[in-house]
Amino acid sequence: MALSLRSSSTIPPCLRFGGEFLGLNSSSEPTFRSLSFTSHLRSPSLTSFEGTRLVKPRVVSAVVREQIGLDPMELDISLSHRVNSVKPSKTMAITDQATALAQAGVPVIRLTAGEPDFDTPAPIAEAGINAIREGYTRYTPNAGNMDLRRAICHKLKEENGISYTPNQVLVSNGAKQSIHQALLAICSPRDEVIIPAPFWVSYPEMARLADATPVILPTSLSENFLLDPKLLESKLTEKSRLLILCSPSNPTGSVYPKRLLEEIAQVVAKHPRLLVLSDEIYEHIIYAPATHTSFASLPGMWERTLTVNGFSKAFAMTGWRLGYLAGPKHFVAACGKIQSQFTSGASSISQKAAVAALGMGYAGGEAVSTMVKAFMERRDFLVKSLGELEGVKISEPQGAFYLFLDFSFYYGTDARGFGKIENSESLCRYLLDKGQVALVPGSAFGDDSCIRISYAESLTTLEAAVERIKKAIISLRPAFPV
Ligand SMILES: Cc1ncc(COP(=O)(O)O)c(C=O)c1O
């Protein structure tokens, strides 16, 4: 039997079937038309259900048809234009590669993760455990429990100087969901989403998933990767619907000073269609003298700003999956409508834990400030030690737990037994190969000259990583010896 799979749609390059590369059309997009799967895809027997489950589902259905005496069918396996327009996350790809190496026994140091290496503080964990013991294990209101939304309103008023009522807050399964829902609720096809680069990997892809067009505005290391209001002004049109700001930033650690945000606000204020999504998830991980300003607190900006925050980073709660969005009721209700048909309310247990997190004191109290102190020590160590490498450029991060370093000095060099270092991706592959340190290429964040180091790891691990990086980098030779 041969199962014929047919599609005329384009598919992303990562999709290969039966190990066959499907070729490129004239516009360099991979396409496939008709593929035949033969014997090797038929092998699992129907009598072994587990066996059939290991095979791609489309094959199972053909096997089923054959078993019940029907002719094999032609199955259309084309995917939606949405999924075809989205790139898979490069951070996840390199993390998975490094994890696979580690599982195979290679002593890889992984500095790719976007999550703190600390455990969730005890009072938060206790609140989660108590929630289970006390039976808070049922569905919650779609927008989140009232006690949590009240606590969020209190926090936003006290720490950020922005006033919201509970019906202007929507709790979701992580800030990622909050951001995605906001894009889905706000953007129409062909709307433009303005994203300063380097950006968090998901923003452009989320814009594409919402059928909007990401418009990337470059920034430079010499300007601490901060958006130039004049550049912003020059790129805004009537199609511009949403500006995404992230401060402190992933991947650069830059913090927008209040003065610069005020200048940006003046530009934004000239455009009646333009909204702002302010991603403040790293708010508490900030190093003095830098201070955090919420965009919605600036004059005239409350009406057009959606403030996103969450518990993953500052409270070391990545696995609890809890974030929130606050803004004018009209927009928040629209996001809630999407959530109601999507996931419904977030985990009841995590919400009880989040109330405890917000009760730990201003900016997370001592538990959070202890973590921030450790992050700052690590930042100082990395900035100093990697700053000693010839040609590497650094903008000292003011927040978050990432260092975004310009390594482009080494592009074009030759690595013995590896080949040429051409870009951030080949440099990261080289460092993984030679130095056994996993880092994320800057191209994932829209800036190929840099690579990202996450310092959510102990100082001892970072010391070992720096030694390996230095050793690997020093052995790079110019492509053409002089
Ligand atoms: C800038 C930024 N925003 C949002 C998120 C999403 O956080 P979560 O969904 O864990 O709340 C992340 C996570 O890496 C991030 O780096």
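What follows is a walk through the fold of this predicted model, from the whole chain down to two single residues. Residue numbers start from 1 along each chain as its sequence is written. Because the model is predicted, local features need pLDDT of at least 70 and side-chain atom pairs count only at pLDDT 80 or more, while totals for chains, interfaces and linings use all residues.

The protein chain comes to 15 helices and 18 strands; these are DSSP runs numbered from the N terminus, with helices being H or I of at least four residues and strands E of at least two. Of its 482 residues, 42% count as buried. Here, buried means that 20 or more other C-beta atoms lie within 10 Å of a residue's own, exposed means 12 or fewer, and partly exposed is in between, with C-beta atoms placed from the backbone. As for contacts (two residues whose C-beta atoms, placed from the backbone, lie within 7 Å), take those between residues at least 6 apart in sequence: 70% of them join residues at least 24 apart.

One sheet to look at is an open one of 7 strands, in the order β5-β11-β10-β9-β8-β6-β7, with mixed pairing. Two strands are taken to pair if DSSP finds at least two bridges between them. The edges are β5 (169–172) and β7 (213–218), each pairing on one side only, and the twist from one strand to the next averages 20°. Angles run from 0 to 180 degrees between N-to-C directions, and axes are lines fitted to C-alpha atoms, for helices over the stretch in contact.

Helix α8 (residues 202–209) lies across β6, β7 and β8 and runs at about 155° to β7.

Helix α10 (residues 258–268) has L261, I264 and V268 as its buried residues. They cover an arc of only 60° around the axis, so they sit on the same side of α10; the arc is that of the directions from the helix axis to the C-beta atoms. The cover over these buried residues includes α9 (229–235), β8 (240–246) and β9 (275–279).

Two packed helices are described by the angle between their axes and the distance between the axes. For α7 (residues 175–186) and α11 (residues 329–340), the angle is about 105° and the axes are 9 Å apart. That makes α7 roughly perpendicular to α11, going by a scheme in which angles under 35 degrees are roughly parallel, over 145 roughly antiparallel, 65 to 115 roughly perpendicular and the rest oblique. Q181, A182, L184, A185 and I186 of α7 meet F331, A334, C335, I338 and Q339 of α11. The residues of this contact divide into 8 nonpolar, 2 polar and no charged (nonpolar: Ala, Val, Leu, Ile, Met, Phe, Trp, Tyr, Cys and Pro; charged: Asp, Glu, Lys and Arg; polar: the others, Gly among them).

I186, in helix α7, counts as partly exposed because it has 19 C-beta neighbours inside 10 Å. Leaving aside neighbours within four places in sequence, I186 is in contact with R241, L242, L275 and F331. I186 and A210 are 24 residues apart in sequence, yet 8.8 Å apart in space, C-alpha to C-alpha.

A314 belongs to the loop between β10 (305–310) and β11. A314 is buried, with 23 other C-beta atoms within 10 Å. Neighbours within four places in sequence aside, its contacts are E283, H284, I285, G364 and V368. The C-alpha atoms of A314 and A367 are separated by 9.5 Å, although the two are 53 residues apart along the chain.

Another open sheet has 4 strands in the order β12-β13-β18-β17, with antiparallel pairing. Its edge strands are β12 (393–394) and β17 (440–441), each pairing on one side only. Strand β12 runs antiparallel to β13 (residues 402–406), and 2 bridges join them. Helix α13 (residues 365–387) packs on this sheet, touching β12, β13 and β18 (450–454), and its direction makes about 15° with that of β13.
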